[in-house]
Structures are given as C-alpha cells and as structure tokens.
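Trainee: I am new to this structure and would be grateful for a close look at one part of it.

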Amino acid sequence: MAGVSRGTVDRVLHKRSGVSRENIQKVNEIIKKYNFQPNPIGKALASRQKTKKIGIILNCIGNRFFDDVIEGIENSKKELANYGAEIIIKKLEGYNEKEQTDAICEMEKEKIDGLIITPVNGKEIKNKIESINIPVITCNVDIDVKNKIGYAGCDYNVSGKLAAAVLVMHAFGKKLNVGIVHGSKNIKGHMERYEAFKSTASKCPNINIIDYFYTEDNSGTAYEKTSEMIKKHNIDFVYVVASGIDGVMEAIERSGKTIYAVTNDVLPITLKYLEKDVIKATVYQHPYKQGYNSVAQMINYLYTGNTNGSNYKINSELITKYNIPEKEM
C-alpha cells in the first residue's frame with residue numbers, strides 16, 4: 001500500500017535508519033489509518049521455529065454436547081495451523097478418575113507442551129495435573145490446580161439459578177413436585193449447578209424437590225432411573241443437571257403423563273422437545289466457543305507467554321422455543 005518493500009516497512013516499525021522521511025511518513029499514515037497491530041503470535045513464531053504440541057482430553061463419548069466443542073477445536077486448529085501447533089485429542093467415556101489419569105500419562109509420553117482437559121474433580125487427578133508441570137486450560141468443567149492458566153466454559157452457578165428461575169415462574173399459584181436428574185459427583189461444575197439450583201428453588205415455597213439420582217451422563221441410566229422415579233412419585237417437573245436428556249425424554253414420553261422439563265444445551269433432542277413444549281427451557285452454554293477459545297488461548301500462551309483473556313467464562317442464556325439460536329461458527 002505504501003509502494004515500498006517489506007524491509008522498508010520493517011525498518012519503519014522498528015525505528016531503524018536507512019529510510020527516507022517521505023517513506024516513513026507514508027508507512028506511518030497507513031499504520032494509523034488502518035490501526036495496524038503486529039501479530040504477537042506470528043512474531044513469536046518467527047523467533048521460535050519449534051512446533052508446539054497440545055494434548056486435549058475430553059470426557060465426551062456418548063455426550064452429544066461435545067460434538068460442537070470438538071467442532072470448535074477443529075476450526076481453531078485449522079485457523080491457527082500456520083503457527084505450527086500440533087493437536088492430539090483423547091476421547092473418554094464417563095468420569096472415571098483412573099482412566100483420565102492414564103490418559104494424562106499417555107499425553108506425557110507424547111511430550112506435549114500444553115494440556116486442555118475436562119477434568120474429573122478428584123485428588124488423584126489434581127495431583128497428576130500438577131505433577132506434569134506444563135500449562136493447563138480447563139474446558140467445559142473446572143478444577144483448582146496451580147498450573148492452570150485459564151478456563152473456557154460456562155458459569156455453572158448462573159446456569160443453575162437460571163434453571164431454577166424457570167420453575168419459580170411455573171410455580172406461581174400452584175405446587176410443583178420436582179425430580180432431579182443429576183450428572184456426576186466427580187464433576188465440580190455439575191455439583192455447583194445443582195447446589196445453585198437447589199438454593200434458588202428452595203426460596204419458593206411451592207417447589208418441592210422430592211427425588212434425585214446420578215446418571216454419569218449415561219442416557220440408558222437416565223431412562224431407567226427416570227422411569228422408576230415417575231412410577232414412584234407424582235412428578236410435575238424434571239430438572240436435568242447435565243447430559244442424559246435422551247433417556248429422560250423417552251421415560252417421560254412412555255409414561256403418558258404430563259411432565260415438563262428444564263435442561264441444559266441446545267441439541268437435536270432438546271430442540272425436538274422444546275417444539276413439543278415438554279422442555280420449557282434449556283440453558284445454552286455455547287459449546288463451540290468453549291472448544292474454539294480453549295485452543296486459541298493455549299496457542300496464544302505457548303507462543304507469547306500471554307495469559308490475557310485465558311479465562312473465557314461463557315454467558316449462559318435461557319433458550320425457549322421462541323428464541324432458538326443459530327448454529328455457532
């Protein structure tokens with residue numbers, strides 16, 4: 001744009017000699033006009049040619065929520081390919097602490113430079129993560145470890161309160177018996193969400209929580225235990241804390257009873273039952289952004305040492321059949 005060589009622009013940017021006043025003026029005018037900012041990652045890459053290796057461990061098998069998380073990871077990987085980062089993804093099912101510890105050991109053997117993980121909330125995992133002594137970003141769920149540089153996920157406390165608010169509105173002038181379909185005791189976020197829901201709902205005298213159980217995000221378990229709960233109690237509403245929505249919806253439908261639900265996530269199953277008016281609302285956690293930003297922030301840190309923006313807490317949104325969001329890209 002200035003009609004000069006790249007070398008001339010470089011000398012102007014770094015205030016080196018050998019450039020005429022006229023060319024200095026032209027380059028600086030363009031910099032000002034277009035608000036040009038040097039790319040810190042590109043700059044770091046030019047000086048450090050080593051490829052960085054990022055390990056990603058997701059407890060995602062059987063959980064449709066993570067389809068969009070993985071899509072965000074893959075798109076971030078494509079866009080940042082020029083920075084020379086290699087990404088290794090390990091997928092796990094359920095929340096087994098030993099399996100996750102073994103997965104971290106596998107990543108160690110790969111000599112990764114950074115780890116992105118959906119951590120099980122256990123002492124063994126905490127100790128293992130801290131022992132590898134590399135930067136860690138937690139994705140979707142969090143854990144307190146000393147080498148964590150960031151988090152990309154929702155605010156579980158807010159999402160629990162939003163779900164309770166839906167029931168408070170439906171409890172106006174009538175009693176509601178509520179059953180809780182929990183996720184896992186081993187996931188910090190699931191427990192935080194449940195406690196926030198329970199605390200908020202308890203302030204409404206018309207809401208009666210009469211039963212709850214854990215599914216470990218397994219739809220088969222969700223179906224069996226929801227069916228048992230419906231037979232045992234007179235249920236008006238079900239709150240699904242985490243995954244397992246497919247099983248819960250099947251149990252409600254097969255019961256033939258009028259039972260409503262509040263869930264999390266915008267998935268094909270939640271969209272289907274929002275339209276049927278069985279799910280009254282679902283809390284949207286922006287899974288694509290969680291995956292995309294966890295990778296983007298890790299690459300930023302590995303190549304620049306910068307942790308600004310590494311804590312990417314998603315704003316939870318309450319979705320009904322009247323405000324279904326478009327797919328994120």
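Trainee: Which residue lies over the face of Tyr 260?

Mentor: Lys 280 lies over the face of Tyr 260, at 4.5 Å from the ring centre. A charge is counted over a ring if NZ of Lys or CZ of Arg is within 6 Å of the ring centre and within 35 degrees of the ring normal. Please note that this is a predicted model, in which local features need pLDDT of at least 70 and side-chain atom pairs count only at pLDDT 80 or more, while totals for chains, interfaces and linings use all residues. Residues are numbered from 1 along each chain as its sequence is written, and side-chain values use heavy atoms, with hydrogens and water left out.

Tyr 260 also takes part in an aromatic pair. Rings of Phe, Tyr and Trp (its six-membered ring) pair if their centres lie within 6.5 Å; planes under 30 degrees apart count as stacked, over 60 as edge-to-face and the rest as tilted. By this rule there are six aromatic pairs. One of them joins Phe 237 and Tyr 260, which are tilted, with 5.7 Å from centre to centre and 45 degrees between the planes. This pair links distant parts of the chain, for Phe 237 is in strand β8 (residues 237-240) and Tyr 260 is in strand β9 (residues 260-264), 23 residues apart. Helices (H or I, at least four residues) and strands (E, at least two) are DSSP runs, numbered from the N terminus.

The two partners may also be described by their accessibility. Buried means under 20% relative accessible area, exposed over 50%, and partly exposed in between (1.4 Å probe, protein chains only). Phe 237 is buried, at 2%, whereas Tyr 260 is partly exposed, at 28%.

Another aromatic pair, Tyr 288 and Tyr 292, is stacked, at 6.1 Å centre to centre and 20 degrees between the planes. These two tyrosines are four residues apart in helix α12 (residues 287-304), so about one helical turn separates them. Tyr 288 is buried, with a relative accessible area of 6%, and Tyr 292 is partly exposed, with 22%.

Strands β8 and β9 return in the surroundings of helix α8. The buried residues of α8 pack against several elements, including β8 and β9, where contact means heavy atoms within 4.5 Å. Among the buried residues of α8 are Arg 193, Tyr 194 and Phe 197.
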